[in-house]
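Dear colleague,

I am passing on the structure below, together with some notes on what came out of it. Please read the notes with the model open beside you.

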Amino acid sequence: MLVEAAWSYRFPARKTAHLRRKADAAPPAAQAIAWAAQKRLCGRYRHLYHAGMAKCQITTAVARELVGFIWAIACEVMGRPQVTRALI
């Protein structure tokens with residue numbers, strides 16, 4: 001499912017009216033994380049594509065990063081602090 005979701009990052013980051021309506025129900029902090037993910041992962045896909053990496057490898061790499069953003073949103077919504085490498 002993550003790899004399938006990662007294919008959408010081929011396109012530029014944007015906030016369509018449909019996405020804005022869906023995001024209204026989410027907390028502002030989760031919305032901020034989601035927008036940061038959108039910008040970063042779209043840029044990451046583009047960077048890796050121009051570097052000559054195969055599309056299947058790119059989507060797998062983007063999916064791996066997407067998990068980190070999903071984790072951050074889950075921690076934010078549940079009210080738990082995020083554990084980062086800096087804390088370990």
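The largest pocket has a volume of about 850 Å³. For this, a pocket is an open set of points on a 1 Å grid over the protein atoms alone where a 1.4 Å probe fits, with protein on both sides within 12 Å along at least five of seven lines, and lining residues have an atom within 4 Å of a point; grid points are joined across faces, edges and corners, and the volume is the space filled by probe spheres set on the points.

Please bear in mind that this is a predicted model, in which local features need pLDDT of at least 70 and side-chain atom pairs count only at pLDDT 80 or more, while totals for chains, interfaces and linings use all residues. Residues are numbered from 1 along each chain as its sequence is written, and side-chain values use heavy atoms, with hydrogens and water left out. The mean pLDDT (the predictor's confidence in each residue, from 0 to 100) is 88, and 91% of the residues reach 70 or more.

The protein has four helices and zero strands, taken as DSSP runs (H or I, at least four residues, for helices; E, at least two, for strands) and numbered from the N terminus.

The lining of the largest pocket comprises 24 residues, with Tyr 9, Leu 19, Ala 34, Trp 35 and Gln 38 nearest its centre. Two or more lining residues come from each of α2, α3 (28-50) and α4 (55-78), and α3 gives the most, with six.

Turning to the interior, 22% of the 88 residues count as buried, that is, under 20% relative accessible area, against over 50% for exposed and partly exposed in between (1.4 Å probe, protein chains only). Leaving aside neighbours within four places in sequence, Val 62 is in contact (heavy atoms within 4.5 Å) with Ala 6, Tyr 9, Leu 41, Arg 44 and Tyr 45.

Finally, Glu 76 lies in helix α4 and counts as partly exposed because its relative accessibility is 38%. With neighbours within four places in sequence again left aside, Glu 76 is in contact with Ala 29, Ala 30 and Ile 33; Glu 76 and Ala 30 are 46 residues apart in sequence but 6.7 Å apart in space, C-alpha to C-alpha.

With best wishes
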